[in-house]
Amino acid sequence: MRSVFDPTSRCLAKKYLTPSCLKALEHLKTDTGFNLEMAIASGIKNPDSHIGLYAGDSQSYTVFSRLFDPVIQDYHGISADQVHHDDLSPVDLPNPDPEGRFILSTRVRVARSLGAFNFPCHIRSDERKRLETTIVQSLSRLDNDLCGTYISMEQNDLQDISRLKKDGLIFEKGDRFQAAAGMNRDFPKSRGVFCSNDRKFRVWVNEEDHLRIISVEPSSDLSGVFNRLVRGISRLQDTMEFAENPRYGNLNSCPTNIGTAMRAGVHIRLKGLEIYPDTLNRIADDHDLQIRGTRGEKTAVNDAVFDISNRRRLGLSETDIVTRLFSGIRELITAEKSKLKN
Ligand code: ADP
Ligand code: CIR
């Protein structure tokens with residue numbers, strides 16, 4: 001096998017797949033048959049990839065550790081001997097935008113995978129169906145405010161689908177990065193979304209990961225949103241065994257989504273800072289925050305609404321992530337107020 005990354009590619013998989021690393025890994029396979037060529041397929045096809053690497057199962061992280069480890073250390077800024085520690089205890093932070101002037105909504109999600117199943121870029125159709133059944137059974141046991149219904153995306157009623165899309169209740173087919181890795185196979189078969197009756201707790205089934213567990217509401221109550229997620233994870237963990245390893249904590253498809261596998265963020269309107277991208281980016285960098293577009297990763301910013309969230313998901317705990325997000329948002333709001341005054 002030749003490493004055929006585009007000469008313009010600056011992705012981390014290319015950076016760390018040195019000739020000696022390629023030689024050591026090119027003939028290896030996990031027990032389920034996942035190989036290096038499959039792991040880097042998306043990075044090869046998309047020269048603008050940032051990472052360019054996906055895992056096909058939990059064993060990918062150990063069999064191909066010679067490539068995954070440096071990519072993970074580079075992205076998350078951790079040292080080679082750092083070990084992940086969870087802290088999913090409830091928090092009690094003040095509201096970062098008590099007047100409700102800037103934050104439109106708050107969302108915290110984690111990715112989770114079941115170790116007994118292949119990951120989405122490598123899963124077979126029948127296996128994906130069995131996985132969906134397992135997850136839906138577990139979701140049906142949720143109670144109180146987490147209780148809700150599962151919406152299968154296989155239904156043919158186009159009107160229903162477009163209404164659900166408008167309400168942001170279902171997810172789209174994966175982007176070209178996920179497509180090149182093989183994650184869009186059979187879409188929308190065996191995909192769906194669980195939504196609590198109050199719509200604040202949701203679970204995406206068989207998107208980029210087996211589960212995306214999401215707590216979201218149109219407010220700036222960061223603690224409330226995080227604490228609901230903590231309860232949801234704990235309840236689901238009673239009935240499902242999530243993939244993890246002692247070093248990296250939770251394991252999922254993309255090496256950016258391991259450890260806490262958590263993204264905590266707000267949709268925040270920053271009309272003043274929008275025209276000062278240097279200030280906005282400096283504050284984001286200082287607090288290790290990532291800026292995404294209004295409709296998700298790699299989308300545009302509409303009407304000055306930014307998606308601001310934690311960049312690192314490994315090397316710090318879940319409670320560290322929300323606490324740092326809180327400080328970053330506070331500083332952004334202070335800067336925004338001063339730009340609006342000028
Ligand atoms: P992920 O969180 O799974 O990494 P995306 O960046 O694609 O993935 O976001 C998924 C969806 O969640 C998008 O539709 C995005 O608009 C929505 N979203 C993200 N953050 C918020 C938020 N704070 N409030 C409401 N919706 C959000
Ligand atoms: C990439 O390599 O760019 C895509 N596979 C997406 C990686 C995850 N997202 C990110 O770094 N923000």
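Me: Which domains is the protein chain divided into?
Reply: There are two names to learn here: domain 1 (12-76) and domain 2 (103-341). Keep in mind that this is a predicted model. The centres of the two domains, taken over C-alpha atoms, are 24 Å apart. Their contact takes 24 residues from domain 1 and 28 residues from domain 2.

Me: What makes the area between domain 1 and domain 2 count as buried?
Reply: Buried area is accessible area that two parts lose on being put together, summed over both. For domain 1 and domain 2 that comes to about 2,300 Å², with carbon and sulfur atoms giving 55%. On the domain 1 side, Tyr54, Tyr75 and His76 supply 32% of the area buried against domain 2, more than any other three residues.

Me: Why is the pair of aspartate 69 and arginine 247 called a salt bridge?
Reply: The cut-off is 4 Å between a side-chain nitrogen of Lys or Arg and a carboxyl oxygen of Asp or Glu. The closest N and O atoms of aspartate 69 and arginine 247 are 3.1 Å apart, so the pair passes. Between domain 1 and domain 2, the count is 2 salt bridges. Polar contacts turn up too: 14 residue pairs across the interface.

Me: How do you know that tyrosine 54 makes a polar contact with ligand 2?
Reply: A polar side-chain atom of tyrosine 54 lies 2.8 Å from a nitrogen atom of ligand 2, and the limit is 3.5 Å, so this is a polar contact. Glutamine 290 also gets in, with a polar side-chain atom 3.3 Å from a nitrogen atom of ligand 2. Histidine 50 uses its backbone instead: an N or O atom there lies 2.7 Å from an oxygen atom of the ligand. On its own, ligand 2 has 340 Å² of accessible area, and the protein covers 93% of that.

Me: What makes up the shell around ligand 2?
Reply: Sorted by type, the shell has 5 nonpolar, 5 polar and 2 charged residues. Among them are Ile51, Phe177, Thr256 and Lys298.

Me: How many residues surround ligand 1, and which are the closest?
Reply: Ligand 1 has 16 residues around it, and the closest are Ser105, Arg107, Arg109, Arg212 and Arg292.

Technical notes: Residues numbered from 1 in each chain as written. Chains lettered and ligands numbered in written order. Predicted model: local features only at pLDDT ≥ 70, side-chain atom pairs only at ≥ 80, totals over all residues. Heavy atoms only, no water. Near = heavy atom within 4 Å. Polar contact = N/O pair within 3.5 Å; in protein donor to acceptor, adjacent residues only side chain to side chain. Areas by Shrake-Rupley, 256 points an atom, 1.4 Å probe, with all protein chains shown as cover. Nonpolar A, V, L, I, M, F, W, Y, C, P; charged D, E, K, R; others polar. Domains from an automatic or database assignment. Contact = heavy atoms within 4.5 Å. Buried area = accessible area lost by both parts, 1.4 Å probe.
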